[in-house]
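Follow along with the viewer open, if you like.

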Amino acid sequence: MTDELAVIALSKTPQPEDVEEILAEVEDSGATVEQHGRVRVTSTASGGVDESEATGYSAMTVRVTGADLENLRTRLRPDPMGFRWHSVDVNVIPGHLFDPEVKKMVIMDVDSTLIQQEVIELLAAHVGREQEVAEVTERAMRGEIDFAQSLHERVAVLQGLPESVIDEVVAQVRPSVGARVLIETFHRAGHTVAAVSGGFNQVLAPLAEKLGLDHYLANQLEIEDGHLTGRVTGAVVEAEIKARMLEEWAINDGVRPEQVIAVGDGANDLKMLARAGLGISFNGKQVLREAADAQINLPNLDSVRFFADL
């Protein structure tokens, strides 16, 4: 039995009856609803700047006592690939994540999580092989092929590109809607923010500086005589390294493991999410949605803040 839990419900277009039905289901489970609240987050509040990003959402937070974490999760979302209530993501999390006095860390994947694109595909477009590379990326994110092997294969197609294409790609990268809001909110509360990526340091480093990330790590594209060699240097940043960096950065920042929130979208994020106190699938592939503690299936990264009561 858990002393205190929180239910976080997120939806772009909730129906009027959803709130009462969710609260009734919590109480029917034998739990006690101590308090609840709802808020509508506009697209502007998430940092959306044009019509393509104009997607607001509603968030409901419910504080619960007298319930078992796993049992309530299963009851409110029996099918990780489905919804009981009109595409509402209903998540149950430990109540200790709401303690404002305890330092936390949020660590995120980069491609299709912190940013909207897949950087390897942007690079491959310069050799006319974007679609081919995208298909391999998709298979790797679904967990169908080994990530490190797939990365070497995809990077190989970049051989001979001038180093200048990196700056062009950096200029194309767009943070996910809500990314800046999330980072600023965690920093204001005294928490830290990290990003670890199977992508490339030459693209992540300027992004990390712009967004004010506390920690970051990615692969290093090898460059010789001003051109990409089609190789990366050093060990590939894959699932185990992502999980290891979570642990190292948390220790460095004085954050207890149970106070780490990890966010990702693909199979190479599985270990990172498993090592965190709370693992969140952000518009993730099936393999990650089925394993994650919580899900966000709307395009607003700032919604992660509700899992820390921010």
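How many of the five residues of strand β10 (residues 278-282) are buried? I looked this up and found that five of its five residues are buried, so strand β10 counts as mostly covered, where buried means under 20% relative accessible area, exposed over 50%, and partly exposed in between (1.4 Å probe, protein chains only). Strands here are DSSP runs of E with at least two residues, helices are runs of H or I with at least four, and both are numbered from the N terminus.

A note on what I am viewing: this is a predicted model, where local features need pLDDT of at least 70, side-chain atom pairs count only at pLDDT 80 or more, and totals for chains, interfaces and linings use all residues. Residues are numbered from 1 along each chain as its sequence is written, and side-chain values use heavy atoms, with hydrogens and water left out.

Next I checked the directions in β10. Leu278, Ile280 and Phe282 point one way, while Gly279 and Ser281 point the other way.

Then I looked at the partners of β10. Strand β9 (residues 260-264) runs parallel to β10 and is joined to it by four bridges; two strands pair if DSSP finds at least two bridges between them. Val263 stands opposite Ile280 in β10. From β9 the chain crosses through helix α10 (residues 270-275) to β10, and this β-α-β crossover is right-handed: with the strands pointing away from the viewer, the path from the first strand over the helix to the second runs clockwise.

I also found strand β11 (residues 294-296), which is parallel to β10 and joined to it by three bridges. There, Ser281 stands opposite Gln295 in β11.
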